[in-house]
Amino acid sequence: MVLTVIQYLRGFLLLELKGAYIERFINLCVRHGIYLWRLRKEGEDRATVHMSVSGFFRIREAARKTKTRVRILKRRGLPLFLHRHRRRGAFLAGMLLFALIIMALSSFVWAIEIEDTEKIDKNLIRNTLKSCGLDVGVLKYTVKASEIQADMLREMPELSWLWVEVKGTRAFVHVREKTPVPQMVPLSRPANIVADCDGVIVNCTATRGERLVQEGEPVQKGTLLISGTVETKQGGTLLVHAEGTVLAKTWQKSSGTFPLAKRVETDDGQRKSRYSFYFGNWKLPLHGSGAPFETYRTETESTPLRLWGDLYLPITFEKSVVYSTNVRYEILSPEEAASYYGPTLLEKMEMPADGEIINTEYTHILNGDGTVTVTCTAECLEEIGETREILEGTENDGTIF
């Protein structure tokens, strides 16, 4: 790649060689330091080769000695291009101005890619980056990754790590979010295990402490499950740090009101393509205004323009395909509505990270206004034990007499 650019900047020729001693001609050129490349033999007495412009003026002696005829087939490169258009001043001035504009545009950051984020809103990170000095349109040579990292971690304590990497005209921001650490009671302190939500016990195993609940027993939030207070053989009471696992069935509910008519949209085969250019936030549509069809859906594909590699321009080409659709409505029975809308309610529930859904049930109530209220009940299996420190009534050695 680099060698090709150098050859273009210096200029080169594609030559045709004819004669009985082409190999000797090539050897003489190499001996005199004339650089040749892409030598291709076309026949017994004919070959083509690429040669620099400066080398072309030094082959006269080698051609004379070997009786080789040399003919120029093509001229390539910037010097030859400028020489060919030397009398077209406006054209050359325009090319020079274009090159200067491209060089200037390639010195700025035109896109910011935020990666590895899951919970934190990217717009929040983007706005904070802007206040820390990294925004679209800033001179990329002024971007100091270490300073931005320090400022961002100070402004956003929910981040544990951040790094900025500038490639071409794009800035890549890699982040790591802090994982909330649950409050842990040190093992040296006495503690109970209590229920952190309502449920029905499926299994309770105490590895330390006294189990107080049995399988099938319903419990409420805050119920003592494994006690850290145990009886000693001497008849006293010892406070320990209770340990164990408590699995229980829990239930979550979510409700919503929906119409009994379901919208069904299908394509009718007609479509139109629309094209636009975006210059930053400014849009230049290459089509008329207004909707092309009465009812439609749109698929959009955006392509940022770039010179090469990661040198992107602040211009985005957008292609939108608009499909004409037919819309009809299907009347659902209350049971069908419950089955249709129920999964939507299930997706909106916040399920426990360490639990699993073992059963779902959808119920419905028909309303007088032609709507239906659907309730989704999810039965889960999860760990409900929460360690809670015993704060009162203890001696320094943890024993009560």
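Colleague: What makes you say that Lys167 lies over the face of Phe172?

Modeller: The distance: Lys167 sits 5.8 Å from the ring centre of Phe172. A charge is over a ring if NZ of Lys or CZ of Arg is within 6 Å of the ring centre and within 35 degrees of the ring normal. Lys272 is placed over the face of Phe293 in this way, at 5.7 Å from the ring centre.

Colleague: What kind of model is this?

Modeller: This is a predicted model, in which local features need pLDDT of at least 70 and side-chain atom pairs count only at pLDDT 80 or more, while totals for chains, interfaces and linings use all residues. Residues are numbered from 1 along each chain as its sequence is written, and side-chain values use heavy atoms, with hydrogens and water left out.

Colleague: Why is the pair Tyr35 and Trp37 called stacked?

Modeller: The ring centres of Tyr35 and Trp37 are 5.0 Å apart and the planes meet at 25°, so the pair is stacked. Rings of Phe, Tyr and Trp (its six-membered ring) pair if their centres lie within 6.5 Å; planes under 30 degrees apart are stacked, over 60 edge-to-face, the rest tilted. The whole structure holds 8 aromatic pairs. Tyr35 and Trp37 also share one aromatic cluster with Phe12.

Colleague: Is Trp37 buried or exposed?

Modeller: Trp37 is buried, at 11% relative accessibility. Buried means under 20% relative accessible area, exposed over 50%, partly exposed in between (1.4 Å probe, protein chains only). Tyr35 has 45%, so it is partly exposed. Across the protein chain of 401 residues, 34% count as buried.

Colleague: How do you know that β6 and β7 pair?

Modeller: By counting bridges: there are 8 between β6 (residues 159-167) and β7 (residues 170-177), in the antiparallel sense. Two strands pair if DSSP finds at least two bridges between them. Leu159, for one, has Glu177 in β7 as its bridge partner. The two strands form a hairpin with 2 residues between them. Gly168 in that turn has a positive phi of about 65°.

Colleague: How many helices and strands does the protein chain have?

Modeller: There are 9 helices and 23 strands. Both are DSSP runs numbered from the N terminus: helices are H or I of at least four residues, strands E of at least two.

Colleague: What does Met152 touch beyond four places in sequence?

Modeller: Met152 touches Ile125, Thr128, Leu129, Cys132, Leu159 and Leu162. Contact means heavy atoms within 4.5 Å.

Colleague: Why are β11 and β20 said to stand at the edges?

Modeller: β11 (218-219) and β20 (356-366) each have a single partner strand, so one side of each lacks a neighbour in the sheet. The open sheet has 5 strands, in the order β11-β9-β15-β21-β20, with antiparallel pairing. Within the sheet, 13 bridges join β15 (residues 243-259) to β21 (residues 371-383). Lys253 stands opposite Thr377 in β21.

Colleague: What makes Ser254 count as buried?

Modeller: Its relative accessible area of 17%. Ser254 lies in β15. Beyond four places in sequence, Ser254 contacts Leu345, Met349, Val374, Thr375 and Cys376.

Colleague: Which strands stand at the edges of the sheet of 4 strands?

Modeller: β10 (210-211) and β22 (385-389), since each has a single partner strand. The order is β10-β12-β8-β22. β10 is joined to β12 (residues 224-227) by 2 bridges. Glu210 has Ser227 in β12 as its bridge partner.

Colleague: Why is Gln270 called partly exposed?

Modeller: Gln270 has 45% relative accessibility, so it counts as partly exposed. Gln270 is in strand β16 (residues 261-279). Beyond four places in sequence, Gln270 touches Phe293, Val322, Tyr323 and Ser324.
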